[in-house]
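Here are my notes on the model, as numbered points. Please read them with the structure open.

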Amino acid sequence: FVLDAFARKALWACGLDYGHGTGHGVGAALNVHEGPISVSPRFGNTNIIKAGMVLSNEPGYYQAECFGVRIENLLAVEKAEVAKVPDGK
């Protein structure tokens, strides 16, 4: 849920939103909208994003009876080294 909120933050700041999830798992069973990950405002997903997963990234904006924009990309999750600050925290 938190990742979905970050994706919507700029639209929320303008009082806007989109009516679908931000992303989902891809490729586990050669299907569409697969788990185990769902990046959406629904609280039912408790799975952790892990290295090796492929997720869709699909934020959008739709102006009623005018136009719509939706970005659809696939993202490969990789492990990243996290730099530590000098004091060790």
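1. Two strands are taken as paired if DSSP finds at least two bridges between them. Helices (H or I, at least four residues) and strands (E, at least two) are DSSP runs, numbered from the N terminus. On that basis, strand E4 (residues 60-63) pairs with strand E5 (residues 67-70) in the antiparallel sense, over 4 bridges. Tyr62 has Gly68 in E5 as its bridge partner. E4 and E5 form a hairpin with 3 residues between them, and Glu65 in the turn has a positive phi of about 55°.

2. This is a predicted model: local features need pLDDT of at least 70, side-chain atom pairs count only at pLDDT 80 or more, and totals for chains, interfaces and linings use all residues. Residues are numbered from 1 along each chain as its sequence is written, and side-chain values use heavy atoms, with hydrogens and water left out.

3. A salt bridge here is a side-chain nitrogen of Lys or Arg within 4 Å of a carboxyl oxygen of Asp or Glu. The whole structure has 4 salt bridges. Asp4, Arg8 and Asp17 are linked in a network of them. Arg8 and Asp4 have their closest N and O atoms 2.5 Å apart; they are 4 residues apart in helix H1 (residues 2-13), which means a separation of about one helical turn. Arg8 also meets Asp17, at 2.6 Å from N to O.

4. How exposed are these residues? Buried means under 20% relative accessible area, exposed over 50%, and partly exposed in between (1.4 Å probe, protein chains only). Arg8 is buried at 2% and Asp4 is buried at 1%, whereas Asp17 is partly exposed at 38%.

5. Glu58 forms a salt bridge with Arg70, with the closest N and O atoms 2.6 Å apart. Glu58 lies in the loop between E3 and E4 and Arg70 in strand E5, so the pair ties together parts that are 12 residues apart in sequence. Glu58 is buried, with a relative accessible area of 6%; Arg70 is partly exposed at 37%.

6. Cys14 is exposed, with a relative accessible area of 59%, and Cys66 is exposed at 59%.
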